[in-house]
Amino acid sequence: MVNQQILALCNQYQAILLSEEPVLHIAIAPNPPAQFFEALRFLSDKTVNVEYWPAEQLEKARHSQGSTGKDEPQDLHLAPVVQLLQETLRKAIQLRASDIHFEPVEQGYQIRFRVDGVLQLQPLLPAPLAAPLTARLKVLGNLDIAERRLPQDGQIEIEVEKQTCSFRISTLPVYHGEKVVLRLMTQTAQTFELSELGMSADDCAHFQSALTNPQGMILVTGPTGSGKTITLYSALKILNQVSSNLCSVEDPIEIPMHGLNQTQINTKAGLSFQNVLRALLRQDPDIIMVGEIRDGDTAEIAIKAAQTGHLVLSTLHTNSTAETVVRLEQMGVERWMLASALNMVVAQRLVRKLCPHCKQQLADDIILPKTMWANALPRWQAVGCERCYGGFYGRSALFEILLIGPALQSAITQGLPAHEIEALARQNGMVTLFESGCRAVEQGLTTQEELYRVLGVPHG
C-alpha cells in the first residue's frame, strides 16, 4: 500500500517514489531543498535511497508511469496538471491571447490572458497546483527545474488541438513563489499586408515610396507590444526579391521568413547586435533589418550602413516620431548624420477594435477643443457578446508618419527641439497619432476611452 503522505510530498517537490520496501527509494532533481528531507524524516523513519535524475528523465518517467498504468496514485496526481495546462493553452489560443501569466498569489494560483493588449483574469486555482504546473512548464521549456532563485527563459513547442504551437517561456522569483509568463510566438500564417495593419491609403503610399529608396534608414517606433515587428516584416515582404540580399539581426527571431537571411543574437556567446551588424556589412547586403536599436554603438553602425548604400530598417522605443531624433542624439549620434541618413520615422500604437456585432452608438457626441479635433466625434459603447471579449475583437494600428524632406533635414541639423520638429512636420501634412485615433473613432473602429487608454489624455 502506497503511503499517500509520502507520495503527496514527492509530488510537491517533483520527485518520484520508486519503491517503499525495504527502504524508501526516491528519484529527484539535483540539489533538492533541505525541507524535502526534513519532511521525509518526519513522515517515515525508514532509510532513504536517493537518485538524482535530470529534469527530462523525471518527466519521461512520469509519462511512462502514466502510459503503463503503474503507480496509479502518482498518475492520478500528474494527469490533472497535464490536462489543466493543455486546457489553459487551448483556451488562450481560442481567445487569441498573446501572453499567458501564471502567478502565485496569497489567495491561490492566478492565471491571466493578455487578449488584445489587456490582461483578463481567469478563475482562481488552488495554491498546491502552483508547484507541479511550474515544474511541468519548466520541463517543457528545458529549464532547470531545481533552480527557483534566478530568472530563466527558453522556448516551448507543444501540440494543442492537433497543431504545434511555439511559446517563449520566462520565469521570475516573486514573493509567493515563481511567476511564469508564456508568449505565443507569431504564427507564420500572418499575411503582412500594410492595408490590413490599419494604415490609410496615404500612409501606405508614403511608406511604399520610402521603401523604393536604395539607401537610407526607416525607423518604426513605439512601446513594447505596439506591433512594430509586424510593420517591419510587412515592409520586408514588399522588399523580398530574388535580386536583393536581405539580412536581419534579431533577438529573438520571431517570424521565420523565406528569402530573408536571419541571425539571432547570442549574448552569452558574445554575438551582439554590433558584432552581427559588422559581419553583415561584409555579406554584400542590399537591405538590413535590425530588430531593435538599443545603444549608441548599434545606432552608429546602422546609420553608417544607411549612409553607405544600404537600406536599413529598425525599431526604437520612443513615444512619437519627433522624439526619435532626440533619443538618437542622446545615444551619441551626431545630428548631421541623422539628417543625412533618415528617410522616414513611423510611430505606431495598437488600439482594440469594437466588435461589429454588438457595438452601440450613444446619443451624445464627444466635443474636443478645436485645437485637438475640429469635428464632433461619435460616442461608442463596447457592449460585449458571445462573439467578442468585452465588446472588442482584434486590434488595429494607429500611425504617425514623419517624412524627412529638405526642410526637416535642415531643422534636424540645426538642433531644433522635438516640439518644433513636430510643428514643422504638421505644417507639411503629418497626421499625429492622436489625430489618427480620432479618425478611427469617427469611423466607428474604436472608442474614445480606448484611445485615451493607449495614448493617454492629451493636453489641449
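Which residues does Lys 179 touch, not counting residues up to four places away in sequence? In this predicted model, the answer is His 101, Phe 102, Glu 103, Pro 104, Arg 112, Ser 170, Thr 171, Leu 172 and Val 174. Lys 179 itself is found in strand β9, which covers residues 177-184. With one of these neighbours, His 101, the side chain of Lys 179 makes a polar contact of 3.0 Å. Lys 179 counts as buried because its relative accessible area is 18%, and buried means under 20%.

The next topic is the nonpolar interior. In soluble globular proteins, nonpolar side chains tend to be buried together. Here the largest nonpolar core has 38 residues, of which Met 217, Val 249, Ile 293, Leu 338 and Leu 342 touch the most other members. Helix α10, residues 296-307, supplies the largest share of this core, namely six residues. Apart from this core lies another, of 30 residues, including Ile 230, Ile 287, Met 344 and Leu 350. Returning to Leu 342, its contacts are Met 217, Leu 219, Val 325 and Ile 404, when residues up to four places away in sequence are not counted.

Empty space can also be examined. Rolling a probe the size of a water molecule over the atoms shows where empty space is left. The model has two cavities of 30 Å³ or more. The second largest cavity has a volume of about 70 Å³. Its lining consists of Tyr 13, Gln 14, Ile 28, Ala 29, Pro 30, Asn 31, Pro 32, Pro 33, Ile 145, Ala 146 and Arg 148. By class, eight of these lining residues are nonpolar, two are polar and one is charged.

Methods. Residues numbered from 1 in each chain as written. Predicted model: local features only at pLDDT ≥ 70, side-chain atom pairs only at ≥ 80, totals over all residues. Heavy atoms only, no water. Helix = DSSP H or I, 4+ residues; strand = E, 2+ residues; numbered from the N terminus. Buried < 20%, exposed > 50% of the residue type's maximum accessible area, 1.4 Å probe, protein only. Polar contact = N/O pair within 3.5 Å; in protein donor to acceptor, adjacent residues only side chain to side chain. Contact = heavy atoms within 4.5 Å. Core = buried A, V, L, I, M, F, W, Y, C linked by side-chain atoms within 4.5 Å. 1 Å grid on protein atoms, 1.4 Å probe; cavity = no way out; pocket = protein on both sides within 12 Å on 5 of 7 lines; lining within 4 Å. Points joined across faces, edges and corners; volume = space filled by probe spheres on them. Nonpolar A, V, L, I, M, F, W, Y, C, P; charged D, E, K, R; others polar.
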